[in-house]
Amino acid sequence: MKLRIFTEPQQGADYQTLRNVALAAEELGFDAFFRSDHYLKMGSVSGLPGPTDAWATLAGLAVETSRIRLGTLMTAATFRLPGPLAIIVAQVDQMSGGRVEFGLGTAWFEAEHCAYGIPFPPLGERFDRMEEQLAIITGLWGTPEGQRFSYSGAHYRVSDSPGLPKPAQRPRPPVLLGGAGARRTPQLAARFADEFNVPFRSLADSAAGFARVREACEAAGRYPASMTYSVAQTVCCGKDEAEFRRRAAAIGEDPEDLRANAIGGTPSEVAAKIAEFAEIGAERVYLQVLDLHDLGHLELIASDVLPQV
């Protein structure tokens, strides 16, 4: 089991804060640092000092870290055109020495699109656009140097592209897809993804999501074990009950709700919950940390949970 740190900077974090978390995660032995791709805060938090761009952040971290994997859960397909996005991700992968992982999603938060003038088409069209983006981006990366790539879809057309630059990882960075969709999401995962992620769902729902993707892989003639399966869960850990409750209060969460519906409690409880996800086939857990100034939280998980999983 690999543990990855997942952040939600739109809730209120500047680059320096994210840098501190990423460097701590690397030094403490976590497998990866991931962040969301959002331009507007959610809920009652202030969101100050305002949003940071996911790929600008990862570009900075690419040169400030040396080992840890870097990526998004998930890049919003509505935010960027597929050709420029392929260039951005390839460049950040080069900057990192081949440590980038590319998560792509349809986007879901209409308010941020309204706030920053980004079109927000209906869900069906967003899925169609994401499918075309995946075909274009992986096609551009996979086109041999000296050859050309073209694509004609309902929403995007690429003509005679040299498909440059190439990412450092060949044939391409790992592609992550995820969600709880019952039909198109598993089909797209079977076709394009190296990893499938179920975010913030129960153990039973996560197992069902994995099963749908395995079925989709078999239907597509792909070996299901060629897919990496992962989950994302909010984490809140304390060395004892008092510290756990203090950390829960700091992020505005009920301790018992965290125990029941996330990964919360003492290190032994956190390790046991992670083990339950491992039993259904999860190979990676993205631990959503909500207090990005509490680096002691990461230290506790690294010292008291990582050795158990």
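Start at T143, in the loop between α5 and β6 (149-152). Keep in mind that this is a predicted model. Is T143 buried or exposed? T143 counts as buried because its relative accessibility is 6%, under the 20% cut-off.

Now show the side chain of T143. It reaches the backbone oxygen of G139 at 2.7 Å. Next, select R148, F149 and K166. T143 is in contact with these three, leaving aside its neighbours within four places in sequence.

Move on to the largest pocket. Its volume is about 720 Å³. Of its 33 lining residues, select M74, W108, G178, G179 and P199, the closest to the pocket centre. Then colour the elements around the largest pocket. Strands β4 (75-76), β5 (100-105), β8 (175-178) and β9 (195-199) each supply at least two residues of the lining, as do helices α5 (123-142) and α6 (184-192). Which element gives the largest share of the lining of the largest pocket? That is α5, with 3 residues. Colour by class next: this lining divides into 17 nonpolar, 12 polar and 4 charged residues.

Last stop: the second largest pocket, with a volume of about 510 Å³. Select Q11, I251, E253, Q288 and L290. Among the 21 residues lining the second largest pocket, these lie nearest its centre. Then pick helix α9 (residues 255-261), which provides the largest share of this lining, 3 residues. How does the lining of the second largest pocket divide by class? It has 9 nonpolar, 8 polar and 4 charged residues.

Key
Residues numbered from 1 in each chain as written. Predicted model: local features only at pLDDT ≥ 70, side-chain atom pairs only at ≥ 80, totals over all residues. Heavy atoms only, no water. 1 Å grid on protein atoms, 1.4 Å probe; cavity = no way out; pocket = protein on both sides within 12 Å on 5 of 7 lines; lining within 4 Å. Points joined across faces, edges and corners; volume = space filled by probe spheres on them. Helix = DSSP H or I, 4+ residues; strand = E, 2+ residues; numbered from the N terminus. Nonpolar A, V, L, I, M, F, W, Y, C, P; charged D, E, K, R; others polar. Buried < 20%, exposed > 50% of the residue type's maximum accessible area, 1.4 Å probe, protein only. Polar contact = N/O pair within 3.5 Å; in protein donor to acceptor, adjacent residues only side chain to side chain. Contact = heavy atoms within 4.5 Å.
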